[in-house]
Amino acid sequence: MANNDYNPKDIERKWQDIWEREEAFMTGNDKSKPKYYALVEFPYPSGEGLHVGHPRPYTALDIIARKRRMEGYNVLFPMGWDAFGLPTENYAIKNKIHPRIVTERNVARFMSQLKALGYSFDWSREVNTTDPSYYKWTQWIFLKLFEHGLAYKAEMPINWCTRCKIGLANEEVVNGVCERCEGEVVRKVKKQWMLKITEYAEKLLNDLDEVDYLEKIKAQQRNWIGRSEGAEVEFRLAGKDDVIKVFTTRPDTLFGATYMVLSPEHPLIDKYKDAIRNWDEVSSYREMASRKSDLERTDLAKEKTGVRIEGLDAINPVTNQKIPVWISDYVLMTYGTGAIMAVPAHDERDYEFARKFNLPIVEVVKGGNISEAAYTDTENGVLVNSGFLDGLKVSDAQEKITGWLEEKGLGERKVNYKLRDWVFSRQRYWGEPIPLVYCEKCGWVPIPEEELPLTLPEVENYVPSDEGESPLANVKEWVETSCPKCGGPATRETDTMPQWAGSSWYFLRYIDPHNDKEFASREELDYWLPVDWYNGGMEHTTLHLLYSRFWHKFLHDIGYVPTREPYRKRTSHGMILGENNEKMSKSRGNVVNPDDIVNEFGADTLRTYEMFIGAFDQSAAWSQLGVKGCRRFLERVWKLMDMVVDGDSYSKELEVKMHQTIKKVSQDYEAMKFNTAVAAMMALVNEFYAAKQVTRGELKTFLVLLNPVAPHITEEMWERMGYEGRLYQQKWVSWDEEKTLENTVEIAIQVNGKLRGTVLIELNEEKDSVREKVLQVDAVKKVVEGKSMVKEIYVPNKIYNIVVK
RNA sequence: GCCGAAGUGGUGAAAUUGGCAGACGCACUGGACUCAAAAUCCAGUGGAGCUCAAGCUCCGUGUGGGUUCGACUCCCACCUUCGGCACCA
């Protein structure tokens, strides 16, 4: 058969059109079929276009989705756009184009790029977070949260990005600067909408046990939630009618608490302004602390600072001694109670502070040398100087003292989390409007459900004011409205939602994307949930993953979704680096554009290369030569068409290899070991070339195996060879375990653990007869001669080891 | 500092449960084809040494110990790199 050269330009476009026309990858309606929901993170459609990093996870799950269809599953594999967000808005401001137009343009670009890569997405389910028919439901969920008391407005010291002029969640502050623009972040007090994610801390933590996430993902989530057990203890203020409450994980060291520290923002300071003799000093310290950005305040492990509050003393509840109270910014208002009992002998921070300010250090756990450093070991220490705790191990002492405190009403067991509530307000235009109005009489009132979506008004100017008001605040006719409750005058909330809002539930919308009665029908949710496999970047492990689990759990609790967890399995991919092994960026000049690769080599080559580049979960450097190698492989595949001989079964010579390869490729896809799956197929092609022929049966099987990675070339070859139907309609191939084994195997012979030769044996040959063959090998004879054989180890079909003396 | 991942040829990397280290790709070398080159096909390719040669010997998975008949794999200590968190009491 005469075939022209492999020309991806022609065939890739051709098959993309055919698949679209034949609705090849539309999600089925047959609910008697088992379902499979494969999900990749929807992209932010930036002005830059697709990056070679994008296709890595997309191709990976496209492989899974295509394989599942061939295995008979009803597959949901959707795609959409996380399109609200700052870069679009900034671009819009700069170029005086409406962000909606910018978004449309970027989406169109992304869409055509993705389509050129031949993904089997069901495009009829495309969602876009900026579409009012989508964000209607984002707003609806927010109102549910509000109704259930999980959304509240609070005056909060927030992270304020001085460049973006917006409040940031803690998670968006990276090393003290804004995650997005790297601008300086300072603390600023502002009334913000908050979501009580902390209420779900325990569930978010515990339910990790029932999901199949990569262990490192679970570890990061646990780390972020940061559960710690301890006790809350009350210290009386000497001569006052108040107590300082502290949280400690080391109640056993209570006898060693020699001073206390309040965070600069602690309310008791203002309350006792009149009693504080050195108010000027205290107040200027507070002033200084508040001016510091988080970076300055927490960074650099700087020397501790602080001021003694003269006029306030506390009473240690076990020793009944008066201890001084200090103020210092090493104590954070946002964790625990904003105050600590300081036990310098057994806490490094307190130790450092006590050393600097000459505060007493009392050893209460023996085992270290407190003249040199704090002793923080909790395994081996024994309590001393601690009255009724003396002689106890740390863990026993903790039990005993906590019981004692509870009995006396001085404290109680307490669990604390590092997790903070989620700052949900952004002073920006390009986000979902928060559907609440403020009425002097009724307070915050939700907009009636039937009025959703509350759409963004058209505005001239998207720039937030310097005081940080949202651009929406300038749109009088939009802001001024009437109260849905009493009909009186009211004003709309002008803050918008953060980008994390729309992405917290998009996987639910894919399930029933055109529903205008509900965010998705219960029937569809029951069938499709949970997402069977969700792959995304490690950079979203603490933010998006936690937020979307929170929303999902909330929706579950109020009866709207059937499962407690949204995602059954979560994996993540490594980054693709530039050829110089550095992160790809314009400024480094090492960016590879996927369009160029598709143009020069074809989409199948790009897909194959991205899978072959290295272990999926590890980062990998781009190599143009590696791309060429994959193109060469596909050329070799193409030329198999000239080597086909009759025969629907496998040839005798290659039967074992065929079964081995089917097994290897099938299992490797599932384990995301795409690189070795491709390697196995390359090896098989090398075998075909060595045999100078391939049977029809072998080729068909091979095309099925390769199809998920390189769908266009395999489909084209299927058609050219005149095989029945479409390749995408075929069944996945199976292997016969028995046929993956050779009849004769070569085993290694070792003497004293050193390789001395090999010998061919029958599969599962008896030890005695193997032994006979082994002892006939010259090299073995030579080494064994004149020595006594102490021991012989035979691992069937693997190795024969003789120990001599 | 804490948590996590990793360290293997010239190079990207492989190696189910401890069982022939380096599959597959790149680069390189040689050969075939060609007037020539490119492309393609075939062969070779961890290091050092010995041998006319087939072949043989020794060394080799970050470092140092250990367990074992046998260790890239398990244990202990350490070094380096990369991610994440970081005054969280």
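Which polar backbone atom lies 2.9 Å from a base nitrogen of RNA strand B? I looked this up first, and the atom belongs to Glu746.

**Ground rules.** I am working with a predicted model, where local features need pLDDT of at least 70, side-chain atom pairs count only at pLDDT 80 or more, and totals for chains, interfaces and linings use all residues. Residues are numbered from 1 along each chain as its sequence is written, chains are lettered from A and ligands numbered from 1 in the order written, and side-chain values use heavy atoms, without hydrogens and water.

**Around the RNA.** I found 51 residues around RNA strand B, counting a residue as near if one of its heavy atoms lies within 4 Å. Thr249, Lys304, Tyr335, Arg349 and Asn801 come nearest. I noted 62% sugar or phosphate among the RNA atoms within 4 Å of the protein, the rest belonging to bases.

I then checked two more polar contacts (pairs of N or O atoms within 3.5 Å). An N or O atom in the Thr248 side chain is 3.2 Å from a sugar or linking oxygen of RNA strand B. A polar backbone atom of Ala615 is 3.4 Å from a phosphate oxygen of RNA strand B.

Helix H21 (residues 674-691) gives the largest share of this surface, seven residues; helices here are DSSP runs (H or I) of at least four residues, and strands (E) of at least two.

I traced an open sheet of four strands, ordered S22-S21-S24-S23 with antiparallel pairing; pairing takes at least two DSSP bridges. S22 (443-446) and S23 (480-482) each have a single partner strand, so one side of each lacks a neighbour in the sheet. S23 pairs with S24 (residues 489-492) over three bridges.

Conventions: A polar contact is a pair of N or O atoms within 3.5 Å; within protein, one must be able to donate a hydrogen and the other to accept it, and residues adjacent in sequence count only if both atoms are side-chain atoms.
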